[in-house]
Amino acid sequence: MANSKSTEELKQSLTEMQYYVTQQQGTEPPFSGRLLHNKSDGIYHCLVCDAPLFNAGTKYDSGCGWPSFYQPVSEDAIHYLKDFSHGMERIEIRCGNCNAHLGHVFPDGPQPTGERYCVNSASLSFSDGSSDERTKG
């Protein structure tokens with residue numbers, strides 16, 4: 001679960017916001033992410049390591065300002081950590097492959113899971129399967 005890129009390589013390959021979110025557990029401003037309103041079919045990947053994280057079919061509009069999903073592509077796709085920052089108790093979600101920060105999961109999502117994976121666009125890339133190109137959040 002280690003990131004194979006050095007800090008310098010990550011700083012060179014990611015924007016300032018992408019680095020802040022994925023490496024420093026930051027949060028992009030609500031309603032600012034490029035992938036928030038994406039409605040295309042495909043797969044959302046980790047921006048850092050390209051691991052698949054969420055199927056587009058599990059994405060929904062929660063109104064929270066960040067892309068929301070009700071389940072990951074697999075049990076191993078996401079790593080969960082308790083987060084006590086900002087005077088709250090939350091569950092942080094990270095990429096199960098490279099440990100990049102993605103966002104948080106909350107128990108107020110739709111069925112069938114009842115979970116809301118609230119994810120920063122800046123931590124994601126998207127592929128509709130028609131080419132090797134990725135849309136970055």
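H79 lies opposite R94, a residue of strand β6. Strands are DSSP runs of E with at least two residues, helices are runs of H or I with at least four, and both are numbered from the N terminus. β5 and β6 run antiparallel and are joined by six bridges. Two strands count as paired if DSSP finds at least two bridges between them. The model is predicted: local features need pLDDT of at least 70, side-chain atom pairs count only at pLDDT 80 or more, and totals for chains, interfaces and linings use all residues. Residues are numbered from 1 along each chain as its sequence is written, and side-chain values use heavy atoms, with hydrogens and water left out.

β5 and β6 belong to an open sheet of six strands. The order is β3-β4-β8-β7-β6-β5, with antiparallel pairing. Strands of a sheet pair through backbone hydrogen bonds, either parallel or antiparallel.

R90 is part of strand β6, which covers residues 90–95. R90 is buried, because its relative accessible area is 16%. Buried means under 20% relative accessible area, exposed means over 50%, and partly exposed lies in between (1.4 Å probe, protein chains only). The side chains of R90 and S85 are joined by a polar contact of 3.2 Å. A polar contact is a pair of N or O atoms within 3.5 Å; within protein, one must be able to donate a hydrogen and the other to accept it, and residues adjacent in sequence count only if both atoms are side-chain atoms. Apart from neighbours within four places in sequence, R90 is in contact (heavy atoms within 4.5 Å) with L81, K82, D83, S85, H104 and F106.

A further set of pairings involves β9, residues 124–127. Strand β1 (residues 43–46) pairs with β9 in the antiparallel sense over four bridges. H45 has S125 of β9 as its bridge partner. Strand β10 (residues 135–136) also runs antiparallel to β9, and two bridges join them. Here F126 is partnered by T135 in β10. In a regular strand the side chains alternate between the two faces of the sheet. In β9, L124 and F126 point one way, while S125 and S127 point the other way. All of these are buried.

The peptide bond from Q111 to P112 is cis, with omega near 20°. P112 sits in the loop between β7 (101–106) and β8 (116–119). F31 is not a glycine, yet has a positive phi of about 65°. F31 belongs to the loop between α2 (16–24) and β1. F31 counts as exposed because its relative accessible area is 56%. N99 also is a residue other than glycine with a positive phi, near 75°. The loop between β6 and β7 holds N99. With a relative accessible area of 24%, N99 is partly exposed.

The largest pocket has a volume of about 210 Å³. On a 1 Å grid over the protein atoms alone, a pocket is an open set of points with protein on both sides within 12 Å along at least five of seven lines; lining residues have an atom within 4 Å of a point. Its lining has 18 residues, with N38, K39, K59, Y60 and D61 nearest the centre.

Definitions and conventions
1 Å grid on protein atoms, 1.4 Å probe; cavity = no way out; pocket = protein on both sides within 12 Å on 5 of 7 lines; lining within 4 Å. Points joined across faces, edges and corners; volume = space filled by probe spheres on them.
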